[in-house]
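Have the sequence and the 3D view open side by side.

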Amino acid sequence: MTDPMRIRANVVGDSTEVKVLMNHEMETGQRKDAQGTAIPAWFIQSVSATYNGKTVLSAQWGPAVAKNPFVSFKFKGGAKGEKVQITWTDNRGEKRTDEATIS
Amino acid sequence: MNRQRRKVLKTGGGATLLTLLAAAGWLRSADAQAADDWNKAAFEAKTMDETMKSLGGGAAAQSKDITFVSTPDIAENGAVVPIGITSSIPGTASIAILIEKNPNMLAANFDIPPGTDPSITTRVKMGQSSNVYALVKADGKYYVASKEIKVTLGGCGG
């Protein structure tokens with residue numbers, strides 16, 4: 001069960017600004033449920049963004065990144081109509097890739 | 001930072017820990033860290049020294065070229081604390097966010113390839129008021145800047 005990301009990519013001057021909002025629980029593994037049993041950790045471990053087959057950002061995350069993670073960054077280049085892809089992988093091995101058109 | 005602890009880590013303790021980690025196969029050299037290769041040791045480290053070691057770095061120099069942008073002094077909700085870090089150090093290759101009083105210090109490590117602005121914004125969880133460190137790797141050297149963020153409602157409780 002993975003929900004789509006919301007990605008916005010805009011040309012700003014000679015760069016492209018990318019804003020990503022991912023849908024993920026980001027459970028830390030520190031919390032307990034009502035019965036007192038620990039809720040297992042479930043979080044995104046790695047994220048990468050590619051543009052034209054080139055990686056423009058990659059990241060490794062721990063469980064301390066907030067629920068429904070948000071990231072924004074900027075890279076040089078990019079033109080309207082081109083695509084940016086974002087992929088994440090979580091600690092259960094689930095993977096999701098979404099694509100956005102630069103506007 | 002606990003000075004005595006640092007001293008201990010610097011002398012005997014540090015070496016033993018390193019050997020242990022190496023024996024467990026947890027230590028990886030910095031260049032072996034591929035994007036998909038999650039650095040378990042770094043994310044499980046509980047102190048600044050351990051985190052630095054598992055990231056493959058030595059001591060970090062204080063730098064005024066790292067700035068926190070759109071980062072609050074007081075966070076109302078520790079579950080969602082916006083952190084923005086901009087580095088003006090030439091050759092910035094990675095930016096890591098470390099939160100001193102979280103169970104594990106390292107929150108996130110971003111690799112910045114050439115052509116990408118050394119400036120990122122994200123949101124993290126904070127268990128309590130703490131110093132937040134921005135650790136920047138540039139040209140193989142480490143630089144650090146810190147900011148204290150007060151949290152009025154913790155984000156790691158049950």
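**From one hairpin to the chain contact**

In chain B, strand S8 and strand S9 (residues 141-151) run antiparallel and are joined by nine bridges. The model is a predicted one. S8(B) and S9(B) make a hairpin, with two residues between the strands. One pair to find is B:Leu135 and its bridge partner in S9(B), B:Val144. Then look at the turn. B:Asp139 sits there with a positive phi of about 55°. Most residues other than glycine have a negative phi.

S8(B) has another partner. Strand S5 of chain B, residues 92-99, pairs with S8(B) over seven bridges, again in the antiparallel sense. Here B:Val132 in S8(B) stands opposite B:Ile99.

Is S8(B) enclosed or open? Count its buried residues. Eight of the nine are buried, so S8(B) is largely enclosed by the rest of the structure. A residue counts as buried when 20 or more other C-beta atoms lie within 10 Å of its own.

Next comes the nonpolar core. The largest one holds 58 residues. Among those with the most contacts inside this core are B:Ile97, B:Leu98 and B:Ile99, along with A:Val65 from chain A. B:Ala107, B:Ala108 and B:Val124 also belong to that group. Which element gives the most to this core? Strand S8 of chain B, residues 130-138, does, with six residues.

Stay with B:Ile99 for a moment. What does B:Ile99 touch, leaving out residues up to four places away in sequence? Within chain B, the list holds B:Met105, B:Ala107, B:Val124, B:Met126, B:Ser130 and B:Val132. From chain A, B:Ile99 touches A:Ala64.

Step back to chain B as a whole. Chain B has three helices and nine strands. The chain has 158 residues, and 35% of them count as buried. Now take the contacts in chain B with a separation of 6 or more. Residues 24 or more positions apart account for 62% of them.

Now cross to chain A.

S4(A) and S6(B) run antiparallel and are joined by four bridges. A:Trp61 has B:Ala108 as its bridge partner in S6(B). B:Ala108 is also one of the residues with the most contacts inside the largest nonpolar core.

A:Phe70 gives another view of the chain contact. This residue lies in strand S5 of chain A, residues 70-76. A:Phe70 counts as partly exposed because it has 16 C-beta neighbours inside 10 Å. Leave aside neighbours within four places in sequence. A:Phe70 is then in contact with A:Val20 and A:Leu21 in chain A, and with B:Thr122 and B:Arg123 in chain B.

A:Thr87 is also partly exposed, with 18 other C-beta atoms within 10 Å. A:Thr87 lies in strand S6 of chain A, residues 83-90. Beyond its neighbours within four places in sequence, A:Thr87 is in contact with A:Ser48, A:Lys95, A:Arg96 and A:Thr97. A:Arg6 is 81 residues away from A:Thr87 along the chain, and their C-alpha atoms are separated by 12 Å.

Finish with two loops. A:Asn52 lies between strand S3 (44-51) and strand S4 (54-61) of chain A. Its phi is near 55°, a positive value in a residue other than glycine. A:Asn52 is exposed, with 11 other C-beta atoms within 10 Å. In chain B, look at B:Ser70, in the loop between strand S2 (66-69) and strand S3 (74-75). The phi of B:Ser70 is positive too, near 40°. Buried or exposed? B:Ser70 counts as exposed, with 11 C-beta neighbours inside 10 Å.

Conventions:
Residues numbered from 1 in each chain as written. Chains lettered and ligands numbered in written order. Predicted model: local features only at pLDDT ≥ 70, side-chain atom pairs only at ≥ 80, totals over all residues. Core = buried A, V, L, I, M, F, W, Y, C linked by C-beta atoms within 7 Å. Buried ≥ 20, exposed ≤ 12 C-beta atoms within 10 Å, placed from the backbone. Contact = placed C-beta atoms within 7 Å. Pairing = 2+ DSSP bridges.
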